[in-house]
Each structure stands twice: as structure tokens, then as C-alpha cells.
Amino acid sequence: MTYHKELTRIIEEIVAPAASGTDSEGAFPSDAVDALGAAGVLGLTVPAPYGGGGLGPGAATDVVRNLATACSSTAMVVTMHYAATAALTATGREDVLREIGAGRHLTTLAFSESGSRSHFWQPVSTATADGEEVVLDARKSWVTSARHADSYVWSSRPLAADGPMSLWTVPAGKDGLSLPGRFDGLGLRGNESLPVHADGVRVARTDLLGEDGAGLDIALTAVLPWFLLLSASCGVGLAQAVTAATAEHLTGTRLEHLDQSLAQQLPSRAKLARMRIQTDRTGALVADAVAAVDGGRADAQLLVLEAKAAADETAAEVADLAMSACGGAAFRKELPIERRFRDSRAARVMAPTTDALHDFVGRALCGLPLLDAPA
Ligand SMILES: Cc1cc2nc3c(=O)[nH]c(=O)nc-3n(C[C@H](O)[C@H](O)[C@H](O)COP(=O)(O)OP(=O)(O)OC[C@H]3O[C@@H](n4cnc5c(N)ncnc54)[C@H](O)[C@@H]3O)c2cc1C
């Protein structure tokens, strides 16, 4: 499937022109999502027999990196959609996959909870059997695209099994779901990451994804690699965009009294160089992690963990350097850099957070399990 031409058109005609308003108004990028659905981009990773593009993490990371060069909020909405789609694919949820493949369905992850916070691997919300139905009760703390998604890939304690987690597909709009408040965050202001509460929400037993109690395995093996690579690619795209904007500002802005451009000031050039080196270094790590996953290499798990940890910091540091290199012009929003600086703060607190990833990478290097057995 070729998607580049349509993706480029959508970014140029819809995503980039809307990016500033998406941020300032905290508006969900509905036009972009609709266009991405119609162009087959939302269905890109759905297996071909279900009407999708049948492509893997390489294509998906390319899509979100390109989106992130224009609008991090849109890139995050698509990141969560592809990560949730990976759970549906791993568990063969054909009906939802066909809708996604047809470009009519946006999905997302509802893992984080008020109770266990960033420790998504230990949900405290419940699923209770009631005949052929199951009753879900939860305080989900952050769900990207919350009001606009058609379904949620949802974690809970198991029905009866021993494992720490079960996964469900929950249609949006079910009785008992409520979405309090509106998203008003520092950055990614259009990604609509709201709490979602479930009070006695009834789903069918057949909405279970995989086996009861197998949710953590599915989350770690099927969802996490996609999420980590996609989130890392958002960071690389953001870093590429602020590096390009900084180069443009330095070369296009003059110090009239010296008859020089800002680029002729060594400290500014040196900052730009550091930005580019960090961006390319992280981009290369992410590309190698994608190749490791595609090739089934033994170091794939370690590299995907490293990739998000590195990209979280690269995005934040490169955006910080850009604010400094571009000075007051960046501070006063004359340049599209201050928005990216705020956007760049999100990834470090998105689970697995950078802190958790440093723990996971250290554990992997020491031959320890990523997670301690649940309490
Ligand atoms: C823009 C955005 C979009 C999001 N979208 C989604 C979504 O679609 N779906 C979803 O499920 N979640 C989503 N999240 C939630 C995210 O994944 C985290 O769960 C959430 O940001 C954690 O915030 P908290 O205040 O609960 O963190 P806390 O768990 O309270 O952590 C606070 C700090 O302590 C550190 N910390 C906590 N435990 C440890 C530990 N064991 N070791 C080391 N450090 C630790 C953390 O790294 C963090 O810096 C989103 C978050 C953001 C910011």
C-alpha cells in the first residue's frame, strides 16, 4: 500500500494549517482524523484480509513521525489508535478491525487509572460477570481522543483468572461511561486526554480480548512495542521540526548593526548543531529498533525500551535548545517553537514514563524481569 502521497497532502493541506489553532483552542483535530481515515492511513496496520493496509511498525512510525513534524497532538491521536489496533490484531477482533480497515473507526488505549496511576500493569478497576454480560467499573485517568474515539481498548482486573489484567474492547457511548471535564494540559493540547469513568458499564463476554487474565501478556508483547516505537517517533518528528525551524530563524534573521545573520553567531550555530546531532542519533536508534522488531532480533525488546527513553529526552532537550537559540522570538510565540517546547514535555510522563523505562532497561541488562510479581 502506498500512503506517502496522501499523507503528505493531508499534512500540508489540513494538519499543518490547523496546528496552531489546535494548540491555542485545545481543539481535537477532527478534520485531520477524518481525512486520515478516508485515505486509508488509520487502517494502515490492519491485516489485509480485514480490509487494511497490512503494514507493520515501519510504516506506522513513518506516519506518526511525519505528522509530528506538523502537529504533535494529531501524531499522538494516531499513536494511540495504532497501539490499540495492535491489541485488536493480536487477539483477532475481526469486527472492529474491519471498521478500522474501512477508515470509519478511531480507537485508543484506556489503560491508566486514578488508582494505579502510571503503573498501567496493575489496574485496580474491575470486571464482574453477570450471565452473558460483564460489568465494568473504573476510574480511567487519561484516555487520548476520549470523546472522539469509537472504542477503547480497556484494561481491568480479570474476571476470575489469576493474572493481573484482562483486556476488553469497549464501544464508546455505552450507558454508564462518563467523561468529566475537558483537557487543559501544558502541551499536546488537541489530544483530548480525558478521564473516563465507568459505573456499571455492561459489555458482552465476547468483548474480552484474548483469555481472561492474559491482558498483561498481550499489553507487553503486542501493544507495548508499538506504543514505544510510535511515541519515540513522535519525539523524533518534533525534534526534526524544531531543528528545521531554528535553522530557518538563524539564517533568516539579521543583526543589522553587524550586517550579519544570527547564524553567524557561533553559540547559536553550536546549539543548532547539538540539536541536529541529538535528533539524528535518536532517529537512528528508533530506526534500528524498528528493524529489530521487523527482523525478530533478540535485542528487539531492549531497543524499543531504549528508543522511547532516548526520544523522550531528545525531544525535551532539543526543544529547550531551540528556545535558547531563538531567544525572545521563540518566547513570544513569533515562531512555532514555544508550542513544540510545551508538547515536548509530555512523553516523559506518559507510561511507561522515562523513569520507568530507565528501570526496565536496567532490569533487562541485569537479566531481571521487567516487572516484579504483583503484590
Ligand atoms: C498527553 C498524555 C496523553 C495520555 N494518553 C493516555 C492514553 O491514551 N491512555 C492511557 O492509558 N494513558 C494515557 N496517558 C497517561 C500516561 O500514560 C500516564 O499514566 C500518566 O501520565 C501518569 O501520570 P500520573 O500523574 O498518574 O503519574 P504518577 O504515576 O503519579 O507518577 C509521577 C512521577 O513518578 C514517577 N514514578 C512513578 N512510579 C515510578 C516508579 N516505579 N519508578 C520510577 N519512577 C516512578 C513517574 O515517572 C512520574 O514522573 C496520557 C498522558 C499524557 C500526559
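Over residues 214-365 the chain is 77% helix and 3% strand, with the end C-alpha atoms 26 Å apart; helices (H or I, at least four residues) and strands (E, at least two) are DSSP runs numbered from the N terminus. UniProt assigns this span the feature "domain: Acyl-CoA dehydrogenase/oxidase C-terminal" in an unreviewed entry; UniProt positions are given in the numbering used here, feature names are shortened, and annotations may be inferred rather than shown by experiment. The model is predicted, and local features need pLDDT of at least 70, side-chain atom pairs count only at pLDDT 80 or more, and totals for chains, interfaces and linings use all residues. Residues are numbered from 1 along each chain as its sequence is written, and side-chain values use heavy atoms, with hydrogens and water left out.

Two further spans are annotated in the unreviewed UniProt entry. For residues 109-200 the UniProt record gives "domain: Acyl-CoA oxidase/dehydrogenase middle", and the span is 0% helix and 42% strand, its end C-alpha atoms lying 20 Å apart.

The domain assignment of the chain comprises domain 1 (4-105), domain 2 (110-213) and domain 3 (216-365), the bounds coming from an automatic or database domain assignment. The centres of domain 2 and domain 3, taken over C-alpha atoms, are separated by 30 Å. Their contact (heavy atoms within 4.5 Å) takes 13 residues from domain 2 and 13 residues from domain 3. About 1100 Å² is buried between domain 2 and domain 3, and carbon and sulfur atoms give 81% of this area; buried area is the accessible area (1.4 Å probe) that two parts lose on being put together, summed over both. On the side of domain 2, Phe120, Leu186 and Leu188 lose the most area to domain 3, together 40% of what that side buries.

Polar interactions across this interface were also counted. Between domain 2 and domain 3, two residue pairs are in polar contact, both at pLDDT 80 or more; a polar contact is a pair of N or O atoms within 3.5 Å, where within protein one must be able to donate a hydrogen and the other to accept it, and residues adjacent in sequence count only if both atoms are side-chain atoms. The side of domain 2 that touches domain 3 has nine nonpolar residues, three polar and one charged, where Ala, Val, Leu, Ile, Met, Phe, Trp, Tyr, Cys and Pro count as nonpolar, Asp, Glu, Lys and Arg as charged, and the others, Gly among them, as polar.

The whole structure has 24 salt bridges. Glu94 pairs in a salt bridge with Arg98, the closest N and O atoms being 2.9 Å apart. Because Glu94 and Arg98 are four residues apart in helix H5 (residues 94-101), about one helical turn separates them.

Technical notes: Salt bridge = Lys/Arg side-chain N within 4 Å of Asp/Glu carboxyl O.
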